[in-house]
Amino acid sequence: MSTVAWLRLPQTAKRGSLSRKEAWEGRAFVLPWVLGFLVFTAGPMAASVYFSFCDYSVLSSAKWVGLQNYTKLFTQDRLFRLSLYNTAYFVFLAVPFGLVTSFGLALLLNVRVRGINLYRSLYYLPVITPSVATALTWTLLFAGDYGVVNAVLRKLGLPAPNWFFDPKITKLVFVFLGLWGAGGGAIIFLAGLQNVPQTLYEAASIDGANAWDRFRYVTIPMMTPIIFFNLVQGIIGTFQVFTGAYIITAGGPANSTLFYVLYLYNNAFRFFKMGYASALAWILFSIILSFTVAQLELAKRWVYYEAPM
Amino acid sequence: MKGQMTRRDVLKGLGLAAGASLLGACAAGGTPQVVKETVVVQASPEVVKETVVVEKVVTPTPVGGPEATVRVFDYDPTGTDAWVQADKDFELYFTAKYPHIKVIREQAPWAGFTEKLLTSIAGGSRYDVIYGYWEWLPQFIENNVVSPLDDMIQADPEIDPGDFYDYAKEVVDGKTYGLAWFISGWLHWYNKTRVQEKGATLPKDMDKEGKWDYPAWYQFAKDFTYEEEGKRIFGYDMSSTRHPTVYCMLAWAHGTDLWEPDFSRCVMDSAENLEVWKFIQQFYVEHLTPLPGEGGTGEQAIGYTNGRVTATMAGQWYTRSIVQEGAPNLFEIGMVRFPKGPKGQFSVAALNSFYFGSKPEYPEAAWTWYKERSFSEAAAKIYASIGGGRFPSRKSVAPQTVYAWEDTEVYEAIRPILRPYRVSPKESEFIPLFNAAWDEMVLQSRPVEEILSQLATEATQLLS
């Protein structure tokens, strides 16, 4: 609800004291959230915009430098371009893989079998596991010669690569590790699957549709809003990949896992360049916003909403 | 009814009990009792191979003064048992000696230390004394996080600036910001038992004869890399060269450095640095050293202390890992200086100093804590078990060792070749560039010349 709308009284011919009172009560209930938003979100965002045009180390006052941070990013900073490439690589692999995995998982969890509630809980558990603990566990599982994964691969006579020290595969490992959280998307897909009217499946069956036809012509179209939601959320989330790279590889080897937010973090907290990091943050915001707006526009062509939008 | 307990009785009883507990706690929390004790330090938890006797804490005479509070941002050594115990012992000692000074200590582990300190200060916290690490000093100075010690040193008759070795001082632009309480002199540690069993010359003996040079280092690694029961035993662990503060010793030995003397340019693309990087690369190409990511934890670990690596390099702080992991039970510990290069033989003096905060509320009390923690005889004894004292920061202080297997001859031989690392003004940004270039060198992703040329260019740009 915009602040302006919140301030403006509803436009009716006459406002009784009761409705006026109710309006103020509504505002009072919303006020804590609004204050919190202003203090903890909007305010810091505004400050961050200002700092992005400053040389600011946090420990001393900000000095206005105009567009210097942005100019340097686009003309001199190789690691900025590299971190964008690394992140884009991750996003364009992790999002489709994640969607397919989540959707497949949801289809499996939509089956009425004994213990299905237990399975649903088990697949959702990784989502609520602390990400640092998960990253540390993955470090041990994929560790060099004696990680569990490589031990199994050797038993099967397969190559056992150095997972976290081969630039050709390290990003792929992170894509794979991202599937660990597929349960989150699966739960949302599951909710969508359970809302697909059974009458549509029945009608399709009567018309001679087989299982694949029902999936393709009923399930998928009815699920497009959910797919769209998970797609947008996935893009927003994967562009901010950080924890795994921070814990496991610290951006290495040879900066192959220097993702954008990790580079932003390094500038802010290791190099004492909060102004530069703020500029990085706003560029990331712009990129994610552009992708989201583009998806919203493209959605008109492929997302089916039963109710008119 | 008579004999029955009422609600009032229960409440009265609870109140009395709570009051008695409170009084008891207050009584127990009186002046800490500090006694002189002699303790036995075991070489390993399982088998006592040797015992050493150290004076753990000395009995201080309480010193009076106006009440003051000192806030310290310190390193959290959880995981290093000897250091955790040493901190406890020092706190006990200091509180007994200076009961009028209240010390409030916040701690942070190494990983994320600067981030936590930075955010604490940005959030309004103030610290009088800060645990230091030379990599951070230039930016701390630039951002007024720390202040020079010169005024305190000059005003203190107990401190003789001339008594400090030059390499023990952290000086920037003529001002002293740190006086090292712990100096690490880097050296090589090798499996003496294995070398003797093979009938080879000990590196220490080679060093005495002037034959411990870079070709001898490489040959040692080759001779002691082999397969044993399906596992590879590595000649050397070269992973420490990934850090510029270790790499610098190899550069100096070849007559070069990482930067020009005035930091106007990064000289990593010099012919000498190229030669050194190709030397290091050899170890990885021929698999004489564990590859990054090779090995695991516990039984799968590949390291010096479990015999999977014949030799490694570290400062004398490594003694605490050697003891903690029980290496003296497996083999005899050998020590030797870094090899002699074409242009000399060097060991880096890696400094750990405390820094003074920018505006201490009670500067005299803060300086008292600083001095006691850094230079007192008590602190030297207390922190001896973590590797301190082998390279004292002052000429008037005799070096000390703790374990019988420590080779004092080697420490003596290292002292004259100690040299401090020169911290660049943008060291925290230079290190990741160096690390990334080192990774590329090990991965052989590009010619070393290209890697070093890019590193030199980008590092120089940091300072422009």
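Which residue is the bridge partner of W189(B) in β13(B)? The partner is M335(B), and the points below place this pair within its sheet, its chain and the two-chain model.

1. Basis of the model. This is a predicted model, in which local features need pLDDT of at least 70 and side-chain atom pairs count only at pLDDT 80 or more, while totals for chains, interfaces and linings use all residues. Residues are numbered from 1 along each chain as its sequence is written, and chains are lettered from A and ligands numbered from 1 in the order in which they are written.

2. Chain B overall. Chain B holds 16 helices and 15 strands, these being DSSP runs numbered from the N terminus (helices are H or I with at least four residues, strands are E with at least two). Of its 464 residues, 41% are buried, where buried is defined by 20 or more other C-beta atoms within 10 Å of the residue's own, exposed by 12 or fewer, and partly exposed by a count in between, with C-beta atoms placed from the backbone. Among the contacts in chain B with a separation of 6 or more, 75% join residues 24 or more positions apart; a contact requires that the C-beta atoms of two residues, placed from the backbone, lie within 7 Å.

3. Five strands of chain B form an open sheet with mixed pairing, in the order β10-β11-β12-β9-β13, and two strands are taken to pair if DSSP finds at least two bridges between them. The edge strands are β10 (226-228) and β13 of chain B, each of which pairs on one side only. From one strand to the next the twist averages 30 degrees.

4. Strand β9(B). All five residues of β9 (187-191) in chain B are buried, and this holds for both faces, with L187(B), W189(B) and N191(B) on one side and H188(B) and Y190(B) on the other. With β12 (309-314) of chain B, β9(B) pairs in the antiparallel sense over four bridges, and in that pairing A311(B) is the bridge partner of Y190(B). With β13 (333-336) of chain B, β9(B) also runs antiparallel, again joined by four bridges.

5. Strand β11 (231-236) of chain B runs parallel to β12(B), joined by two bridges, and F234(B) stands opposite V309(B) in β12(B). Helix α8 (214-223) of chain B packs on the sheet, where it touches β11 and β12 of chain B, and its direction makes about 165 degrees with that of β11(B). Such angles run from 0 to 180 degrees between N-to-C directions, with axes fitted as lines to C-alpha atoms, for helices over the stretch in contact.

6. Two domains in chain B. The domain assignment, whose bounds come from an automatic or database source, gives chain B a domain 1 (42-184 + 350-419) and a domain 2 (187-349 + 424-462). Their centres, taken over C-alpha atoms, are separated by 28 Å. Across the boundary, 32 residues of domain 1 of chain B are in contact with 27 residues of domain 2 of chain B. On the domain 1 side, α14(B) gives the largest share, three residues, and the residues of that side divide into 17 nonpolar, six polar and nine charged. In this division Ala, Val, Leu, Ile, Met, Phe, Trp, Tyr, Cys and Pro count as nonpolar, Asp, Glu, Lys and Arg as charged, and the others, Gly among them, as polar.

7. Where the chains meet. In all, 23 residues of chain A are in contact with 26 residues of chain B. Helix α13 (260-270) of chain A gives the most to the chain A side, with three residues. The buried residues of α13(A) include Y260(A), L264(A) and N267(A), and what covers its buried residues includes α4, α12 (243-249) and α14 (274-302) of chain A together with α15 (427-443) of chain B.

8. The nonpolar core. The largest nonpolar core has 171 residues, and those with the most contacts inside it include V70(B), V129(B) and W369(B); such a core is a set of buried Ala, Val, Leu, Ile, Met, Phe, Trp, Tyr and Cys residues joined through C-beta atoms within 7 Å. Helix α4 (78-109) of chain A gives the most to this core, with 10 residues. Not counting residues up to four places away in sequence, V70(B) touches several residues, including I101(B), V129(B), Y362(B) and W369(B).
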